[in-house]
Amino acid sequence: MNARAATCLLLLVAWAGPVAAQPYYVAPTGDDANPGTLARPFASLPRAQAAVRQKSGPVYLRGGTHYLAQPLVFTAADSGSPAAPVVFQAYADEQPVISGGVRLASLAWRPFRDGILQASVPADLATEEIFVNGVRQILARYPNFDAAAQYFDGFSADAIAPERAARWADPTGGYFHAMHPALWGDFTWRITGKDAQNKVALEGGWQNNRGGAVHQKIRFVENIFEELDAPGEWFLDAKTHTLYFHPPVGLDLATATIEATRLRSLVEFRGTAEKPVRFITLRGLTFRHAARTVMDTREPLLRTDWAIYRGGAIFFEGAEDCALEDSFIDQVGGNAVFVNHYNRRIAVRGCQIAKAGASGVSFVGDPAAARSPLFNYSQVQSLDALDRTPGPRTNNFPADCLVEDCLIYLTGRVEKQTAGVNIDLAQDITVRHCSIYDVPRAGINIGDGCWGGHVVEFCDVFDTVKETGDHGSFNSWGRDRYWRPKIAEVNDWVRQVPDLPRLDAVKPVTLRNNRWRCDHGWDIDLDDGSSFYVITNNLCLHGGIKNREGYGRLVENNIMIGSGYHPHAWFAASGDVFRRNIVSLEYRPARMTPPPWGQEMDRNLWHQPGATTAPTTRLQQQSGRDEHSLVADALFVDPSTGDYRVKPGSPALALGFVNFPMDQFGVRPPKLKALARTPVLPNPQSAAPAAIARDTTVRRWRDASVRNIADAGEMSAYGLPGVTGVLVLDLPAGSPLASAGLQKGDVILAVNDTKIAEVSQLPAPASGNSLRVGVSRNQKELTLTVSPRP
């Protein structure tokens with residue numbers, strides 16, 4: 001070939017562009033001996049994976065259910081490149097389902113009793129979830145499923161009472177679920193048998209990192225044969241390999257598709273920081289039939305209230321620049337997506353996550369990456385032993401990751417100490433344009449200050465904290481390496497070493513341009529130690545904003561409808577700023593020191609419909625600041641449609657408030673937006689509710705000054721199991737109560753094993769009898785013995 005011809009050939013190749021990659025096709029009706037073409041597709045995903053390793057190209061999944069024999073595991077050997085990412089995606093508009101289950105075909109149903117049918121199943125079938133026509137059925141339970149019940153879809157105090165257990169021939173393999181007495185999540189135990197007195201034996205209860213007592217009323221049992229008595233319930237007898245099912249009225253089992261879960265994870269990305277899995281995308285797929293993992297939820301997360309299971313239907317570890325896009329994770333038994341240890345630039349985008357057993361999307365790093373880590377609320381460091389080097393020890397945590405345009409709802413179907421999005425031991429996680437609702441606890445949870453940089457923006461989060469308590473639609477903790485339960489001790493340490501709060505929280509966390517509504521707690525709840533938050537342009541529709549003790553929080557330009565600002569138990573040098581906000585109530589403090597509060601509280605507007613603009617002496621009296629704050633009608637544009645921008649001439653504008661968009665909350669893709677709910681809006685004609693508080697008149701009991709716990713704010717501030725108990729305000733040294741160990745700030749919850757909800761229930765002094773006084777102190781319960789009065 002001469003030079004001119006060679007040049008022409010090179011130009012022709014350059015003009016033609018890169019050669020298209022080899023596409024591969026997978027269909028449930030295919031054959032792995034096929035070449036993987038559209039006409040002759042592969043049958044299995046592992047076969048397509050092997051083909052891509054030989055010659056890179058996109059993989060198209062045809063419609064139907066793709067049952068996995070084992071999880072599909074991607075390693076560094078499967079990686080794509082920026083120019084040629086590996087993509088596993090749905091073909092055209094078809095709907096492929098990746099299943100970790102098995103289809104139970106050709107079951108020979110026969111009558112059992114009372115509308116219950118039975119059928120023999122394969123001897124190796126072991127499952128805790130049965131699906132009929134794509135819908136998860138109800139594992140036999142007591143009490144029966146009740147969608148209207150607030151907790152557990154039905155609960156009863158006698159769930160494991162001997163009288164109930166007497167009905168059960170052998171409850172081994174059953175499960176006992178119960179809430180924490182303060183509603184800080186739940187516990188699950190496996191039933192291992194019962195004794196001659198019908199007391200059940202239990203194993204488990206490790207799912208909550210604030211363990212201890214168990215709720216005496218909110219509890220239920222499941223997977224017990226004798227409780228199979230309602231339509232939709234089922235039970236698998238593993239000894240006789242018999243499946244029992246009470247079909248709902250109208251269900252034709254002869255034509256129904258019946259499936260059982262097998263695998264706990266469906267797709268796993270498994271690499272390392274040194275050899276990461278890179279540039280792989282899953283797109284347009286449905287994931288179903290991942291098994292429950294509640295008994296594997298047992299690892300404590302630093303000093304949060306949580307325990308976790310490091311796994312999910314989709315699992316990332318050691319991955320970079322990988323994505324899950326436009327997919328549906330449907331009714332999986334545990335976490336939907338879990339991003340574990342080292343990961344960078346993982347994106348979960350445009351996905352629908354519904355009815356997961358645990359959390360929607362979790363980002364959780366390695367506790368060994370934290371300096372001076374502790375693993376329980378009550379554990380504390382000594383100042384001398386504290387590692388004072390800022391930031392993480394290693395890079396073994398998720399960073400620079402994204403959850404965007406995701407619709408997440410009805411998560412926590414099995415486990416209640418969960419969230420729509422959970423972040424622990426991570427950095428620079430962005431949650432953007434997500435709609436999250438109908439969850440048992442927080443919609444978005446950040447478990448610690450390690451290592452900040454997170455951004456939550458343009459989200460719509462509501463109908464949260466539906467089965468737990470003392471939380472918010474957004475919830476966070478900051479029990480970092482320096483933090484201690486006793487505020488005075490933290491004050492002393494930070495006076496000595498002012499940089500302590502920034503050792504873990506090396507970057508601020510930003511909440512901006514979101515809409516929140518929590519009817520069972522706060523809209524935004526910054527709990528123990530949460531520090532260096534920037535909270536701006538948030539519309540809060542019911543519960544307001546709570547800031548418990550922490551440092552350097554800026555709360556600015558937010559709107560709180562039906563509520564206001566809840567400062568709780570601040571540190572002495574918190575540096576908190578609260579300015580240019582619109583509130584609907586006076587401040588709701590709990591355990592606050594005398595004013596002035598924080599670094600700056602000013603130019604806020606207390607909205608009162610129809611009010612004449614005037615200085616707000618009440619806010620000034622409360623905060624010791626608010627010199628320029630006003631009470632006035634904010635002049636909202638149209639509250640009936642959720643437009644809480646203020647009109648020209650609003651007094652809020654003169655204070656420096658700036659309008660922000662009211663039409664950009666939540667998911668944007670049209671398909672998801674059509675599915676997503678939005679929150680119920682407050683009645684614009686209703687005034688903000690008056691403060692609800694019990695009688696807090698100070699009274700004397702024996703030698704102590706006491707009063708009732710006032711409200712839910714004090715319940716949270718003192719860590720109580722409800723709005724109950726009697727607060728000790730003062731008592732003289734040397735008195736019988738003081739000698740027994742009672743202290744100022746204790747909350748009396750019981751005397752002589754009788755619960756005490758208010759001062760009027762305290763027993764009158766009597767001579768000759770000692771008292772057993774049950775108190776809560778620093779969120780721990782203890783019993784004191786008071787000597788008899790002479």
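**Figure 1. Asn-335, a buried loop residue.** In this predicted model, Asn-335 is buried, with a relative accessible area of 9%. Asn-335 sits in the loop that runs between strand S29 (328-330) and strand S30 (337-344). Its side chain reaches the backbone nitrogen of Ser-359 at 3.2 Å. Beyond its neighbours within four places in sequence, Asn-335 is in contact with Tyr-309, Gly-311, Gly-312 and Ala-313 among others. The list of contacts also includes Ala-358, Ser-359 and Ser-362.

Figure 2. A search of the whole structure finds 0 disulfides. Take Cys-401: the closest cysteine sulfur belongs to Cys-322 and is 10 Å away, too far for a bond. A disulfide needs the two sulfur atoms within 2.5 Å. Cys-450 is in no disulfide either; its nearest cysteine sulfur, that of Cys-401, is 16 Å away. Cys-401 is buried, at 2% relative accessible area. Cys-450 is buried too, at 3%.

Figure 3. The peptide bond from Tyr-142 to Pro-143 is cis. Its omega is near -5°. Pro-143 belongs to the loop between strand S13 (141-142) and helix H3 (162-165). Most peptide bonds are trans.

**Figure 4. The cis bond between Pro-595 and Pro-596.** Here two prolines, Pro-595 and Pro-596, are joined by a cis peptide bond. Omega is about 10°. Pro-596 is placed in the loop between strand S53 (582-583) and strand S54 (600-602).

**Figure 5. Leu-425, with a positive phi.** Most residues other than glycine have a negative phi. Leu-425 is not a glycine, yet its phi is positive, near 55°. The residue lies in the loop between strand S36 (421-424) and strand S37 (427-432). Leu-425 counts as buried, at 0% relative accessibility.

**Figure 6. Ala-569, with a positive phi.** Phi of Ala-569 is near 55°, a positive value in a residue that is not glycine. Ala-569 is located in the loop between strand S51 (565-567) and strand S52 (577-579). Ala-569 is buried, with 1% relative accessible area.

Conventions. Residues numbered from 1 in each chain as written. Predicted model: local features only at pLDDT ≥ 70, side-chain atom pairs only at ≥ 80, totals over all residues. Heavy atoms only, no water. Buried < 20%, exposed > 50% of the residue type's maximum accessible area, 1.4 Å probe, protein only. Helix = DSSP H or I, 4+ residues; strand = E, 2+ residues; numbered from the N terminus. Polar contact = N/O pair within 3.5 Å; in protein donor to acceptor, adjacent residues only side chain to side chain. Contact = heavy atoms within 4.5 Å.
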